[in-house]
Structure formats: structure tokens, C-alpha cells
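I opened a notebook page for this one. Here is what I looked up, in the order I went.

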Amino acid sequence: MSLKYALYPGCAAKGATPELYQSTKAIIGRLGIEVIELTASSCCGAGVVAEADPEGALALSARTFAQAERLGLDVMTICGTCQGVMSTANRQLKGDPALLQRVNRLLEPEDLTYHGNVQVKHLLWIVVREVGLAKLKDEVQVTLGDLKIAPFYGCYILRPSWDLGFDDPENPTSLEKVIRAVGAEPVDYGGKIKCCGFPIILEKEDIALAMNGANLKEAKDGGADAMVTPCPLCHMSLDIYQERASRKVETNLNLPVLHLPQMLGLAMGVKAKDLGVERHLVPVDEIVKRIDARRDDPR
Amino acid sequence: MRLAFTIRRYHPELDAAPHDETYRLDITRGMTVLDALIRIKNEQDGRLTFRYSCRSAICGSCAMTINGAEKLACRTSVRKEWERHGGINIEPLRHLPVLKDLAVDMRSFWGKVRAIEPWVRADHLPPTGPLSLPAGSAQFHNVDACIMCGACVAACTVHEVDQGFLGPAALAKAYRFVADPREDSTARTARLGALQGPTGMWDCTRCNFCVEVCPKDVKPMEAIIRLRRAAIQAGMTDTGGARHVVGFRDLIARFGRLNEALMPLKVVGPSLRRLLHVLPLGIRMLLKGKVPNPLHPPIEGVQHVRALLERARR
């Protein structure tokens, strides 16, 4: 059975984290996921556009939903922030016919209308619930057996939970399930549901570094060899700013941070360079070497 | 059913450090965590300290950390917690000084609420006589439902690392007065102006924790976003936070997607010092192929995105 979605790449995967896009494309076929990319989709607004202009921000999401609806497909996101923003937008649009009508009026000149028939699903959720962990395990060629991996959810894929409706925001399990399915051991730590600080990192760097530094340090102290996140904005904070965070929390963190599809790809035997790990600022070499050393081992 | 309750104990005059104690209790139908605490205090350990009063989620006294999240003990079901977490773990509110056991010092919380001057400032109104709101004019978006329990502040991820942050409760309260039609416009401008600096409205990361834990559906973060919108509309655009919002929106209107090569320049604004601070990371990103081409063509249909943002603004 093929699972088909309208792929909403979001900005980061087309911008500062191209390795997320690359690694997504490298693995989804093997998991039986087929996509049509929404090439004319815009930014979701990231919660930032809404600060100036709430209905404009809703219209950005509605426009994407209308494009997917026209294809008769649900939306697949690969960014936790996009997922959160679009889940909230979708709930608001579906729950308020007058609002939907106002927003649809904004889409009229492009001959687009959203009827409220689209669901928005993150790749993580699709892997857990629709592809299924059994299928994922079937595709694993190199179990990441000796690795301890710290899940880092990011805010918007968890909260507000009534908009997301997938994981328990106090006790999420989807990333842990995926980490176990690839044969690695999840690290349990309080910071896994906290904030990476990214939304204010450009203007309030000190606060943001204290936040992401504390989370990275807690994961590292818990024995993590690597971290995995379903959100590229968290990735930017945790990877690009890690050296500065190290100075802030006075610890040599040096903790590689993987995008979700990169972790899946490594376990599925995809070559590291096809997953774009060389683009990270915190080197992933050590992890890749340890995985390569297991390649010849029987599972 | 008999369940174990693990409770964080701390008596600052006797204990070197906080420690956990476990109590076993037969639970009854519909029992709340507060019911259980009262039973434990009455039947097993009279020294156990916690605050409570109304037992009905009105007074806001019994907020505490239950299984890792901020909750009112009086409206938290023991059975549901057990089913959700497989245990009952009770700790005081986080990042507030512990007075004893589950009772925390709320002085910093109240100090911040006072700091935003939680009263209507209206010189034009008569000093005596009725001051009721004009019918149908107030839009507080449920902020006035706050019971000051402190759950949002304890859950706030910025407050965790910077206890100077005014925090969700006080900022939401500030919004309540910004939204009050009786307040003088000069007072409103001053109120917004006072929240532009460090520890004010732009320190929130929008992590949604306050929205998630609030027992009264106040959604403090949404009130903070409304404060920010009000500040931008009042022309207060000379902060990193405001430049972020306005610049982000401009880039979406121009390209349809965010251009991360240009975004930092928008936030940095006209400051060489700030530019030199972001530049080294920008260069490292460039070398790793992480800086998108600033001249990258816009998305298909960008003119529609631009037009809809324009129309939405009108």
C-alpha cells in the first residue's frame, strides 16, 4: 500500500537546513511514502507573521491547504514549527466558518478555496502511525545498537496539545519509539520537551543560549552520543549555535544533532553524504564511523 | 486501590537538601491530588506542608508540579495521573524559592504583577462614581480569568534561565490593561513602552508551556503576542523583537519563503556591533552550504502571497 501526501517543505529545508530536504527525499521512498511537492507553497508564517498580522498568517496556511486539497492529498510536514503553526491554523479554520470564509476571500484572486478537508501530519507521526514501526524495522540495515540518542521534540510539535493531538505533551513517546525501532537507546531527560530558544536567538542570544545549552548539557550528562529532532529550527539552534552554547554553559558539549530523516537514513544504510550530514557545524563523523563499523555485523 | 505518592520534602532549617518521601494511601473514587495530600497530612505526617484553600480551582493556591507538569492539585485526578504516568510524583512549583515542602515563595511573582501597575490609568475619568466598562467594548480574550496560581511562571522556559523575566502572568495582566478602553491613550503608550526593554514582552520564545499548563485557559502567550502587535501598531519598532516580526513579514511578502541570508540583517538593524556579532556564524554557515542565495528567485505565485498579506492588513 502506498502512502501519498502533499509534501510541504517549509522554509528551513529549502534554506539553511538543505540536508533536511535531502535526507527526507533519500528515505521516504523506502518507507513506502510517495509525495507530490507543493512547489508553490509559501512560508507558514512560523508564528512570527501572526504577531503582526493574524489573518494574513492564517491565509498563508489556508493557501497551502487549498493547494493540497486540490490534489486530494493530506499535507506532510518535515518541520515541527510548520506542524504546530499549521495544526493550529487548521483547527481554527475548520472550527469557524465565518473565519474560513474571510480567509478564503483573501485567496480568491488566485482562484483557490479551502474547504476544510485536509489533515496536516508530520513525517514523525506518519512513520509511527501510518508507515508503522514494523515496516521501519524491516528497512533497518544497520541497527544503531551501541548509540544512545537523546530525543529533542521542540515546542510546536507538542504544544498546545489540543491543536496537535498526537503525543502526550507531558510524556511524549513517538521519537523514543522511532529511536528504539532503529536499534538505538533513547536518553530520558527533562529537557526533551523544552524550548531550544531559536525564536529569540537573533535578538536575545544570551537567553536562547542558556536554554539550548542547558538542554544539550542535560542530554550529554544523560550519556547521549547524539541528539535527534523533528524540527529544523531546533536543529539550527542546537547545531549552529552549539559552540556558543558550550561557552555559555561552560561545558564542551560536542553533541552531534541529527534531523529525524538523517537518523532513519543512517539506520537504513543510506550513505552519510546522501543525508547531508557534512553540512552540520557539529561534526557527525564519529557517529557515522561507529555505524559504519557495525555494517558488517549481523543484525 | 493502594497507591504510592512520592513527595518532594524540604525543611530549610533542618534539611541539607530536598529529598523525596513516599507515602502509601488507599485511593477513593474521584480523589484529587489535593484530597490525597490532605489525607496524608492528617493520617500519616502532620508536618507535610502545602497551600490550599478553596478546593475548587478558584483561589489558585494549590499549584504544584505533578508528574513533571504544573497543575492545580485540587482539580487533578489521582486516577488519571496514575493512568497517564504510572505513578504520582509531587514537587513544588519550579524556579521559585521553596519555603517548605510544596509551599514556594511567591513574592517575586506578586512583585512582577505589581510592577506592571495592574490598574486602569485614566485621568479623564471622574474620581468618584461608576467606572463600568462600556458594554461590549472590552476584549480581554479571557486574560481576566487568571487566578494568579503561578503555574505559567513555573513552567516558563525563559523564566527558568532568567528569573528577571516578567513572565507570562504579569505580561498577560499588562495586556488586560492595554486592552481596556477606559485607559488613557498616553498611559497605554507608556505601558507598552515600559515593556520594550530586557525582561519585557520581547523575551518570550513562544514555547507554549504557559498556554498548555494554565488551568483557566488564559493563554498568556497569546496575550504577549497581542502586546507585541499593539506595540508594533503604536510604532514601537526599534527593538530586535519588533525588527524580527516586521522584517520576517517583509521577506515573506518579497520571496514567499524566509530567506535566512537576509533575516539576520533585518533583526540586527543599523548596528555595526550587532552585525559583527552575527557575522562569524554566518561565515561558518556559508562554508557549510547553509546560507541560501540572497538572490534566490521567489516562489511560484509570490505575487499572490504578497497581495493576500496586503489585503489582510487592510
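This is a predicted model: local features need pLDDT of at least 70, side-chain atom pairs count only at pLDDT 80 or more; totals for chains, interfaces and linings use all residues.

I began with the core: of the 202 residues in the largest nonpolar core, V75(A), I149(A), M227(A), V228(A), L171(B) and L227(B) touch the most other members. A nonpolar core here is a set of buried Ala, Val, Leu, Ile, Met, Phe, Trp, Tyr and Cys residues joined through C-beta atoms within 7 Å. Buried means 20 or more other C-beta atoms within 10 Å of a residue's own, with C-beta atoms placed from the backbone.

Residues are numbered from 1 along each chain as its sequence is written, while chains are lettered from A and ligands numbered from 1 in the order written.

Next I picked V75(A). Leaving aside neighbours within four places in sequence, its contacts (C-beta atoms, placed from the backbone, within 7 Å) include Y5(A), F65(A), M86(A) and V118(A).

Nine of its nine residues are buried, so α10(A) is largely enclosed by the rest of the structure.

Last, I looked across the chains. The contact takes 46 residues from chain A and 56 residues from chain B. On the chain A side, α2 (49-52), α3, α5 (97-107) and α9 (205-221) each supply at least two residues.

Key: A residue is buried if 20 or more other C-beta atoms lie within 10 Å of its own, exposed if 12 or fewer, and partly exposed in between; C-beta atoms are placed from the backbone. Two residues are in contact if their C-beta atoms, placed from the backbone, lie within 7 Å. Helices (H or I, at least four residues) and strands (E, at least two) are DSSP runs, numbered from the N terminus.
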